[in-house]
Amino acid sequence: MEYRKLPNGKDNELFGVLGLGMGGIQHTPEDEIEAIIKKAIANGINFFDLCAGGSVYKPFGKAIKECRDKVFLQVHFGAVYDKNGEYGWCRDFKTIKETFLWELEQLQTNYVDFGFLHCVDEEEDLNKLIEIGLVDYLKELKEKNIIHHIGFSSHTPSVANKIIDLGIVDMMMFSINPAYDFEKGDEYGIGSVKERFDLFKRCEKEGIGISVMKPFFAGQLLSSEQSPFKIGLTHSQCLQYALDRPGVLCVVPGVQTMEHLNELLKFLSASKEEKDYSIISQFTVDKVNGVCVYCNHCQPCPMGLDIGLINKYYDLALAGDKIAENHYFKLSHKADSCIKCGHCESRCPFNVKQESRMEEINNYFNK
């Protein structure tokens, strides 16, 4: 295991480059969850993202009880759970605070390493979090050493930059994979693709670590049939690609079973050749023709739609990502706002028929 240091952290805050996300494990039996966490730790994994189902916290707490000071936890303020343990997105301060106190109790700990502003994708949402006092609450918890660092998760570079501008964060969680970062390499290599790389470079320059979510594009990059490039990559190629981006400290793919964990652990012994992702240099526009790669070359939309983000949430929802469905519904401008003006289609380098795509997306989420 390679370890990387949090730039604005203490000397002992070293994170294994392969971490683990708990978002998809909530329906796994508790004894298996505990066994998975223990095996992960035994193999050098020490960084965990806890945006998870409610049933995960108790077995997770049992698994780390004897080694709490050896692991690092990301806890999301704004991710809440109903009585059945199902995830929900929340902006009610009282509910968020009660959820955090419950999480501490279930984890059998009195602190977390990172307190995250959860999934802040729009500027209005950031303003709301400031307005309800959540940002000040995180500062207070940090002063009391109940959280050691403040961080955030987002999918939107412009909003991420505004959060960084606050001058309070040490870690950012962001989706990084070739599908999201793909750039044609000519005059179309602008817009959000450039914004993403500029954001990564800013994080590296200012000492803000990046933990990576969705390195496999919800599994689509692993299949030649589902990949937007029509070429399947391996787990090791995707993980190494993310780790090579500026500012990245660790990648936190999710698991549901022990078999999934075993597959991820192969990365630790993979050869340089097995991690080589240079095949993506062969990805050309004709291989992604008609497929949205979220580059946002179509922007600006006259109706204010974030077309790339809407497409991303839709694709992830089709792949079974319930959290993506939730994120879609909190967008201020959804697919039904499309007026079919043709602006986006005239600018798309990949010939995506976004007008019909917006109708399809709207029908899907309405259903």
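This is a predicted model: local features need pLDDT of at least 70, side-chain atom pairs count only at pLDDT 80 or more; totals for chains, interfaces and linings use all residues.
A search of the whole structure finds 16 salt bridges. Several are set out here, together with the exposure of their residues.

One of them joins Glu-2 to Arg-4. Their closest N and O atoms are 3.0 Å apart. The two partners sit in unlike surroundings. Glu-2 is partly exposed, at a relative accessible area of 43%. Arg-4, by contrast, is buried, with a value of 18%. That figure counts as buried because the cut-off is under 20% relative accessible area.

A salt bridge also links Glu-140 and Lys-144. Here the closest N and O atoms lie 3.0 Å apart. Glu-140 is partly exposed, with a relative accessible area of 36%. Lys-144 counts as exposed, at 53% relative accessibility.

Arg-357 belongs to helix 15, which covers residues 354–366. Asp-315 belongs to helix 12, which covers residues 307–318. The pair therefore ties together parts that are 42 residues apart in sequence. Both Arg-357 and Asp-315 are buried, so each has a relative accessible area under 20%.

Salt bridges can also be joined into a network. In this model, Glu-34, Lys-38 and Lys-62 are linked in this way.

Key: Residues are numbered from 1 along each chain as its sequence is written. Side-chain values use heavy atoms; hydrogens and water are left out. A salt bridge is a side-chain nitrogen of Lys or Arg within 4 Å of a carboxyl oxygen of Asp or Glu. Buried means under 20% relative accessible area, exposed over 50%, partly exposed in between (1.4 Å probe, protein chains only). Helices (H or I, at least four residues) and strands (E, at least two) are DSSP runs, numbered from the N terminus.
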